[in-house]
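The structure comes first, then the details.

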Amino acid sequence: MATERRKIVSLRNAGVAYDGCVALEGVDLDIYSDDFIGIIGPNGGGKSSLVKAILGAAPHSGRVEISDELRKGSHYKIGYMPQVSQFDRHFPISIGELVLSGLQSEKGFFGFYTSRDKSRVRDLLTEAGIDGIASRPIGEVSGGQLQRALLCRAVIAEPKLLILDEPTNFVDNRFERELYAMLQRLNERMAVVMISHDLGTITSVVKSIVCVNRHVHRHDSNILTEEQLRNYDCPIQIVSHGHIPHTVLEHHSGDCCRDHE
């Protein structure tokens, strides 16, 4: 029996601005419970600002509505995986403790973690192929290993929406394939939204694409033509090779909002 498709996030005429500089404007976008969305666009186009608006981490105008399905008490059932470059690797915490911290919104800062919670950490680290480094400090592992741990941290609380910001940075080709396979499995029970520049690969993984360049355009397919990208004002050039399209970014001049992209 087909799973019911439910709207879990809705943005209407939403905008984000920093110190009077507009990063996004006029955004109308719906995210559904079975979505697997790839967010693309030029540097400085507003991809990260869109995600921050959904997470409530950026001031916004218009409406950003989160459904009751994503609410659990005082927090949202949204998992977020930041870029490794945004994470403080000097923080004195082990890989296992990092993953366990994904439950902090439920447990509180001084919450008690059960044996089931710790077993869940072991299972996730095993699935990610890094169970052997659970006790190592986060500053003593590779960028790829930390990236895997951050994914485990993002899903340990079993969210209904998983948001990832450039998840394949600092990982090798083998783990990239494993990561996408893991995300496809996760998508069976949660919506997935992923920012990526690796368009040649994600177009073979995601179900739909959202182009972001100050404005937002959703395309309910994982295939985009150059004409469609021009119509969406998304300065990206698609070049196809074989069965998987490879995509490169054209030159795109910066603007005053680049640092908030």
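## Helix packing

Axes are lines fitted to C-alpha atoms, for helices over the stretch in contact, and angles run from 0 to 180 degrees between N-to-C directions. Helices (H or I, at least four residues) and strands (E, at least two) are DSSP runs, numbered from the N terminus. This is a predicted model: local features need pLDDT of at least 70, side-chain atom pairs count only at pLDDT 80 or more, and totals for chains, interfaces and linings use all residues. Residues are numbered from 1 along each chain as its sequence is written, and side-chain values use heavy atoms, with hydrogens and water left out.

Helix 5 (residues 143-155) and helix 6 have axes that come within 12 Å and cross at roughly 5°. The two helices are therefore roughly parallel to each other (angles under 35 degrees count as roughly parallel, over 145 as roughly antiparallel, 65 to 115 as roughly perpendicular and the rest as oblique). Which residues meet across this pair? Helix 5 supplies Arg-148, Leu-151 and Val-155. Their partners in helix 6 are Phe-175, Glu-178, Leu-179, Met-182, Leu-183 and Leu-186. Contact here means heavy atoms within 4.5 Å.

## Strand 3

Is strand 3 enclosed or open? Five of its five residues are buried, so strand 3 is largely enclosed by the rest of the structure. Buried means under 20% relative accessible area, exposed over 50%, and partly exposed in between (1.4 Å probe, protein chains only). In a regular strand the side chains alternate between the two faces of the sheet. From strand 3, Phe-36, Gly-38 and Ile-40 point one way, while Ile-37 and Ile-39 point the other way.

Strand 3 runs parallel to strand 9 (residues 191-195), joined by four bridges. Strand 10 also runs parallel to strand 3, again with four bridges. Two strands pair if DSSP finds at least two bridges between them. Ile-37 stands opposite Val-193 in strand 9. Gly-38 has Ile-209 as its bridge partner in strand 10.

## Salt bridges

Side chains of opposite charge can pair when their charged atoms come close. A salt bridge is a side-chain nitrogen of Lys or Arg within 4 Å of a carboxyl oxygen of Asp or Glu. The count is eleven salt bridges.

Glu-25 pairs with Arg-214, with the closest N and O atoms 3.1 Å apart. Glu-25 lies in strand 2 (residues 21-32) and Arg-214 in the loop between strand 10 (208-213) and strand 11 (215-219), so the pair ties together parts 189 residues apart in sequence. Glu-25 is partly exposed at 29% relative accessibility. Arg-214 is also partly exposed, at 36%.

Asp-35 and Arg-218 meet at 2.7 Å, N to O. Asp-35 sits in the loop between strand 2 and strand 3 (36-40), Arg-218 in strand 11, 183 residues apart. Asp-35 is buried at 3% relative accessibility, whereas Arg-218 is partly exposed at 22%.

Arg-185 and Glu-127 form another salt bridge, at 2.9 Å between the closest N and O atoms. The pair links helix 6 (residues 173-186), which holds Arg-185, to helix 4 (residues 115-127), which holds Glu-127, 58 residues apart.

## Cysteines

How many disulfides does the structure hold? There are zero, a disulfide being a pair of cysteine sulfur atoms within 2.5 Å. Cys-152 is buried at 0% relative accessibility. Cys-211 is buried at 1%.
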